[in-house]
Amino acid sequence: MKKQITKYLDKKASSASLAIFRIGFGLMMCFSIIRFWSKGWIETLYITPTFHFKYFGFEWVKDLGEYTYMLFLICGVSAFLIALGYVYRAAIVVFFLSFTYIELIDKTTYLNHYYFVSIASFLLIFLPANTYFSLDAVKRKKEYLYIPKWNIDAIKLLLGIVYFYAGLAKLNSDWLFKAMPLKIWLPSKYDIPILGTTLMQENWFHYVMSWSGMLYDLCIPFLLLYKKTRNVAFILVVIFHLFTRLLFPIGMFPYIMIVGSIIFFDASLHIKILNYLSKTFNPFKQKWDLVTKKQTVVKPFKKSALYMVVLFFVFQLVFPWRYLVYPGELFWTEEGYRFSWRVMLMEKMGVANFKIVDAKTKKFFYVDNSDFLTPLQEKQMAFQPDFILEYAHFLGNHFTKQGHKNVQVFVDSYVALNGRLSQPFIDKTVDLYQEKESFKHKKWILSFNHEIKGL
């Protein structure tokens, strides 16, 4: 076994493959920051709200007010430097820290592809993505044509985990046998030319979409790995992601996955792309040809980097299964739901009315959530238990500071999941102000009256 591992670690691969991924990743992230800024989302999501929901353990992450623009600028500039391969190591570290900090400011904005960007940038810290076709190579007047093969395989594995785990998550009775939540979402797309008034309204098409989505996610990593099916698989990647982008507002994620999937192709394609880029940007090519000494020697790698990558993937493979230690229905409690590649599996809506009570006099009043939360925050809070608990503590602290005595916080909440009738969600007899956030099961979440079978 040890001999086989050593043999694998000695294998080399073209540096061009990792260079293409670096360039694509950097450019897309830079464009994403520009897009986010131009749509005014920095203001509406991070500056306007007076209260931000925090991830457990990251309450220390604070919003920066108007300086949030500076944080986004730093993030965007570092992404561009990543694409250029200039001061790469510093740029990728700064990008990871700044992007992740932005993500941690308010969990209301959580999306699977934001999480993917964070962990992909973390992985890139330990990979030599600037050894080829980079300004760092120009600066040191030396580039490496080959790097350890495991560097390329690490990117492939990460993409494979995202797809395969997303496919496993779709192996549930709501998705496969009720076509939920697609049966709710697709008919609303009536404004799409031709398809909107025909296929989107057909019950059978909802099932076709559900089953094909599941099969696509489970199979596409293996189809991309196998050379004979790779071309067809990449066409499927493009069609699938462009179609989902047409249907749903999921930002840059489809393009990230399309560009990322190019790494599965042979190095010859990546070299052709780099040759085209070098001819297109002629000033860069002239400088490149004058100063760069190409070396065929594989760039040495530090064992510490390899160990970090191994630990990284152990975490990525195990962490999504943490929901198994919690009782109850995952889609209902959402304990262990995030960071597990469960993509667009639920249509969940709720209402939550908070009551502030004086424990001694029993006098009470109800809270107008719009006094403290934006519409997006209120919508997300109403059906997620950890949001409800955090908001209850915020209200308790707020009214205590205002001079109210013996404050208790109760919530009367109802939630509807995947087309079912709404039902009581949180035990309204529990004083949430006395409950503490932790990794333990939240016993004050009421039982789900239905059953969803599957992983």
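Visitor: Which residues in helix 2 meet which residues in helix 13?

Guide: In this predicted model, local features need pLDDT of at least 70, side-chain atom pairs count only at pLDDT 80 or more, and totals for chains, interfaces and linings use all residues. Residues are numbered from 1 along each chain as its sequence is written, and side-chain values use heavy atoms, with hydrogens and water left out. Helices (H or I, at least four residues) and strands (E, at least two) are DSSP runs, numbered from the N terminus. Contact means heavy atoms within 4.5 Å. Here Phe21, Gly24, Met28 and Met29 of helix 2 meet Tyr255, Ile256, Val259 and Gly260 of helix 13.

Visitor: Which class does each residue type count as?

Guide: Ala, Val, Leu, Ile, Met, Phe, Trp, Tyr, Cys and Pro count as nonpolar, Asp, Glu, Lys and Arg as charged, and the others, Gly among them, as polar. The contact of helix 2 with helix 13 has 6 nonpolar, 2 polar and no charged residues.

Visitor: Over how many bridges do strand 7 and strand 8 pair?

Guide: Strand 7 (residues 407-417) pairs with strand 8 over 2 bridges, in the antiparallel sense. Opposite Gln423 in strand 8 stands Val415.

Key. Two strands pair if DSSP finds at least two bridges between them.
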